[in-house]
Amino acid sequence: GDLTTNLRRCLNTFDLTMIGVGHMIGAGIYVTTGEVMRTLAGPSTIVSYMVSGLAALLSALCYAEFGSRYPKAGSAYTYAYVGCGEIWAFIIGWNIVLEHVLTAAAVGRTFGGYLDELLGFTVRRLTVEYARPWPWSSVDMPAATNYTSHEICVAGSNETSQERSLIAYYPDFIALFAIMTAAIFIGIGSRAAANFNSVFSTANVLVISCVVGYGITFADFGNWTNFFPCGVNGVLRGASKCFFAYVGFDGLATAGEEATNPTKQIPRATYYSMAIVTTCYALMAGTLSLMRPYNMLPDTAVYSRVFADLGAPHWVSTAIAIGAMLGILTSMIGSLFSLPRAVYAMADDGVIFGWWAKVNSWTKTPLNATISFTILAAIIAMSFELSALVDFLSIGTILAYTIVAAALIMLRYRPHPDQFNPAVMDQGGRIREGLPILSDLFRNVKPGFIILCTVIVMIVAFTGIGVLISTSYFTQPFGIVLTIFLVLLSIACVLFIDAHHQNSMDLDYKVFFVPYLPSLSLLVNILMMTQLTMMTWIRLFLWMGIGLAIYLIYGMSHSKEEVRWRDEQEKKAAKKLKHNDGTTCRVSDTSMTYTSSKKIKESRTIKNGHSKMDDKIQSNC
């Protein structure tokens, strides 16, 4: 890929690994684990983490290949741009921005809760008493916390969750202050942010190791007697919520423009960070499920309160709270690091306002985007309830990862210039010879088109399977027949894709077992999305409606692709007029010719300016 960038390349493999670890190990491990175990999956939360971890790993493999192909900032947005086109890229980019904003807000809110608990809830009490204006004053105060024994999935269904307000009942000024402070390190530059993140990520992993080592001494395997209290649906619902804990590995891809050797470092950092995080989650979930029965877990500060209830020394609970704050802080920095870079990539392409694409001359970071979206995340963290953000966060993220997997399949089966004769296209996307019936039937089909159609059919089949499972209709007689049909159709789609030639593009890293691994990624992601609530889907559609309105009004007319296409059309028109007239154009066409020439000159000036700026940055590095 093109390695030219306006950003400073200064991050090594360790920095990128710690960015991934810090972004993932945060609010998820300290909040999501207890919530899922208490209300959705019980001890099978361990399996839920494995399912969501598998989905994250498969997506990470796809990300690693794309990072090798296109080492530019923007994550799934950039990947969808080159694989699926501008409109799909905007949809993904819009969801990625939402992901980072909500992640920063959610972990900021959680950080405020842990710090306030260490202070004896003094900040909360004073805020409720003296600084609770509208709209917070319109929300009813919550009842006292009660975590006595309860049952979940009674009569085969999940415990009905209590309706909660979207607005919190008090403004969290600690979260506001924490996010704004973390943004200062992000704005200073990537080197300072990476150093800050690496120190706290390492400390957090050490604290987790101590928690697991001491917590296992309280293990009671009798707590695993009812390991699957909610069955398959409980595991999948838990996985869809546990996926929040893995949000962050895509932050490695957004740092592609600041890595010293992105084609090699991003795949390695992806593997390392996923291995570290998955190990930590499995150990923490297993330890908690053995320490206390799932139906007697508290709803807040799970680990510290369980240790206290089991008679552990007070310093243990304090150390856990500090470890949670370190993890949450690193996750917050990871989100705030990736957020402005995702915005920068979209603004640089012109699909959103170009003001956010400006890079500060001193810090070499997209400072305008950092300030704007940090303020947005801080306001959300101060105002909204944490529980109202997690599901909304998960669906947009999983959707982005799903499209990345689909884009990878289509790119692998797209024709590419032959490595020995660039003037000739290779066999990418063409049916293999010697296959009965298929070779003759699809020999003259446009390469890549039939792959696109097959991927769409496969996604529809996967969605049908997910709906059947989420509604439990797959246990009915007709549901069994329909499930078998959809499974066979899905297998046929994968085998049909494999019957085509892949292109010969040479990369430093490639996903193995294509199309099987990307197809498995699609299946797991779709199964998790179908487990989310209808309200979550409605919120996603509303968010996408706002984004598409922005794209239709502004992005379509200002994107680089649209500007490039208009310039080409004007050049063709000017050349045609000049050819028809012999030497000059008619007076009525002079303005158009002048405008076209002016735009061409401005375009060359901009390109030359970028080239000079790139040379200057390279010399500084």
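This is a predicted model: local features need pLDDT of at least 70, side-chain atom pairs count only at pLDDT 80 or more; totals for chains, interfaces and linings use all residues.

Reply: Glu562 and Arg566 both sit in helix α21, four residues apart, which is about one turn of the helix. An α-helix has 3.6 residues a turn, so residues three or four places apart point the same way. Glu562 and Arg566 form a salt bridge, and their closest N and O atoms are 3.5 Å apart. Glu562 is partly exposed, because its relative accessibility of 26% falls between the limits of 20% and 50%. Arg566 is also partly exposed, with a relative accessible area of 28%.

Helix α21 covers residues 560–581, and Lys560 belongs to it. Lys560 forms a salt bridge with Asp348, with 3.4 Å between the closest N and O atoms. Asp348 lies in helix α13 (residues 314–348), so this pair ties together parts that are 212 residues apart in sequence. Lys560 counts as partly exposed at 35% relative accessibility, and Asp348 counts as partly exposed at 29%.

The count for the model comes to nine salt bridges. Another of them joins Arg443 and Glu433, whose closest N and O atoms are 3.3 Å apart. Arg443 is in the loop between α16 (438–441) and α17 (449–470), while Glu433 is in the loop between α15 (387–412) and α16; the two residues are ten residues apart. At 35% relative accessibility, Arg443 is partly exposed. Glu433 is exposed, because its relative accessibility of 54% is over the limit of 50%. Glu433, Asp440 and Arg443 are linked in a network of salt bridges.

Now the rest of the chain. The chain has 22 helices and zero strands. Of its 621 residues, 54% count as buried. Among contacts with a separation of 6 or more, 83% are between residues 24 or more positions apart.

In α5, 27 of the 33 residues are buried, so the helix is mostly covered.

Ile174, in helix α7 (residues 173–188), is buried, with a relative accessible area of 13%. Ile174 touches Phe111, Gly112, Leu115, Asp116 and Val123, leaving aside residues up to four places away in sequence. Ile174 and Met382 are 208 residues apart in sequence, but their C-alpha atoms are 8.1 Å apart in space.

The surface also has a nonpolar patch, whose residues include Tyr271, Ile480, Leu495 and Phe512. Its residues together have about 1,100 Å² of accessible area. Helices α11 (262–291) and α18 each give two or more residues to the patch, and α18 gives the most, with six residues. Leu495 is in helix α18 and is partly exposed, with a relative accessible area of 47%.

The mean pLDDT is 78, and 81% of the residues score at least 70. Confidence is highest in helix α18 (residues 477–498), at a mean of 95, and lowest in helix α22 (residues 590–620), at 41. Over residues 584–621, pLDDT stays under 50, and the model has 23 contacts for this stretch beyond four places in sequence.

Terms used: Residues are numbered from 1 along each chain as its sequence is written. Side-chain values use heavy atoms; hydrogens and water are left out. Buried means under 20% relative accessible area, exposed over 50%, partly exposed in between (1.4 Å probe, protein chains only). pLDDT is the predictor's confidence in each residue, from 0 to 100. Contact means heavy atoms within 4.5 Å. Patches are made of residues with over 30% relative accessible area and no salt bridge: like charges are joined within 9 Å, nonpolar side chains (Val, Leu, Ile, Met, Phe, Trp, Tyr) within 5 Å. Accessible areas come from the Shrake-Rupley method with a 1.4 Å probe; for residues, only the protein chains shown count as cover. A salt bridge is a side-chain nitrogen of Lys or Arg within 4 Å of a carboxyl oxygen of Asp or Glu.
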